[in-house]
Amino acid sequence: MSTIDQVQIQFSPGGQIALMAVLSFIMFGVALDMDFNKFREISKKPKPVLVGLLAHWMLLPLATVFLVKIIQPSPSIALGMFLVAACPSGNMATYITHLSKGNTALSISISTIIALTCFVTTPLFFLLMAKTYLPAQPLLHQIDIDIFHLIAEIGFILGLPMLIAVILIKKKPVVALKIKKPISIFSFVLFIIFLVVAFIINKAVFIEYVPAVAWIVAIHNAVGFLIGFVSGKLAGVKIADAKTIAIECGIQNTGLGLVLIFSFFGGLGGMALIAAWWGIYHIIAGISLSYLFRKIV
């Protein structure tokens, strides 16, 4: 029987292109939600944004490294955890922040800054984390990662749709306002359809190996939420801001993670299973957490 490090998730080149298109469409919808007036308001009181960026860029990766050293998972699972932690915030973060009675303007600000910089931060943080786990080194050496190609792909998938959205907001604000909600809903549905299709194609692999990653994803995701909330509270920000930072750390863009896994890691089993299951689980966990957060005002 193959180990999880030897398993490859099967997805055709056409499917990979479809995923990239869906992800770009999602980012276009997220970017349409940007309100530059709110950004100016946030810039006058930057502390919550800075705390959110610190939590996402530093505390979450450090906690992930620590968690991996405790759990000692198989190399491909560890790499999946590192990649998820290095990804930008997920597109559901602002919606779940709204459900949680958090600060949606802060959520949009943090998500936007992280998305604009992730073409550098995602590969950088991933490689830095991956170097800390010795069992993963042989696996990394087998994978030819072109860092410049990696940066360019992330920039194309996320940067181009954001640029188009910004231009549309500036040139046709009425149109942008009219289409942003339908696009947000439609893009989310498309992503769910993609996950369902991926599950059907790889049903046997998922059934056999998901139990091996489900508990790891649950712990890792809980650590993300906890780090965001605790860092906000320790920094003395408002409770709504602390809830927002928690969600920004617990909801990750696993769609981008899957694109990178298929493009650069050959659909490596542990990595793909971590990212795919996280993409399902964090929605369930985030919405469940929002009901608790609504009671904390």
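**Helix packing and aromatic pairs**

Tutor: In this predicted model, the axes of helix α3 (residues 47–71) and helix α6 (residues 104–130) come within 10 Å and cross at roughly 30 degrees. Two packed helices are described in just this way, by the angle between their axes and the distance between the axes.

Student: How is the angle between α3 and α6 put into words?

Tutor: Angles under 35 degrees count as roughly parallel, so α3 is roughly parallel to α6. The crossing of α3 and α6 is right-handed.

Student: Which residues make the contact of α3 with α6?

Tutor: From α3, the contributors include Pro48, Val49, Leu53, Trp57 and Val65. From α6, they include Leu106, Ile110, Ile113, Thr117, Phe125 and Met129. By class, the contact of α3 with α6 holds twelve nonpolar residues, six polar and no charged.

Student: How do the axes of α3 and α10 lie?

Tutor: The axes of α3 and α10 come within 9 Å, and their crossing angle is roughly 140 degrees. The crossing of α3 and α10 is right-handed. Among the residues in contact are Val51, Leu59, Leu60 and Leu67 of α3, together with Trp215, Ile219, Val223 and Gly228 of α10. The contact of α3 with α10 comprises 13 nonpolar, six polar and one charged residues.

Student: Let us turn to the aromatic rings. How many aromatic pairs does the count come to?

Tutor: A pair of aromatic rings is described by the distance of the centres and the angle of the planes. Here the count comes to two aromatic pairs. In one of them, the ring centres of phenylalanine 126 and phenylalanine 265 are 5.6 Å apart and the planes stand at 75 degrees, so the pair is edge-to-face.

Student: Where in the chain do phenylalanine 126 and phenylalanine 265 lie?

Tutor: Phenylalanine 126 belongs to helix α6, whereas phenylalanine 265 is in the loop between α12 (254–264) and α13 (269–293). The two are 139 residues apart, and their pair links distant parts of the chain. Phenylalanine 126 and phenylalanine 265 are both buried.

Student: What is the arrangement of phenylalanine 229 and phenylalanine 293?

Tutor: Phenylalanine 229 and phenylalanine 293 form a stacked pair, with 5.6 Å centre to centre and 25 degrees between the planes. This pair also links distant parts of the chain: phenylalanine 229 lies in helix α10 (residues 203–235) and phenylalanine 293 in helix α13, 64 residues apart.

Student: Are phenylalanine 229 and phenylalanine 293 buried or exposed?

Tutor: Both phenylalanine 229 and phenylalanine 293 are buried.

Technical notes: Residues are numbered from 1 along each chain as its sequence is written. This is a predicted model: local features need pLDDT of at least 70, side-chain atom pairs count only at pLDDT 80 or more; totals for chains, interfaces and linings use all residues. Side-chain values use heavy atoms; hydrogens and water are left out. Axes are lines fitted to C-alpha atoms, for helices over the stretch in contact, and angles run from 0 to 180 degrees between N-to-C directions. Helices (H or I, at least four residues) and strands (E, at least two) are DSSP runs, numbered from the N terminus. Angles under 35 degrees count as roughly parallel, over 145 as roughly antiparallel, 65 to 115 as roughly perpendicular and the rest as oblique. A crossing is left-handed if the near helix is turned anticlockwise from the far one by less than a right angle, and right-handed if clockwise. Contact means heavy atoms within 4.5 Å. Ala, Val, Leu, Ile, Met, Phe, Trp, Tyr, Cys and Pro count as nonpolar, Asp, Glu, Lys and Arg as charged, and the others, Gly among them, as polar. Rings of Phe, Tyr and Trp (its six-membered ring) pair if their centres lie within 6.5 Å; planes under 30 degrees apart count as stacked, over 60 as edge-to-face and the rest as tilted. Buried means under 20% relative accessible area, exposed over 50%, partly exposed in between (1.4 Å probe, protein chains only).
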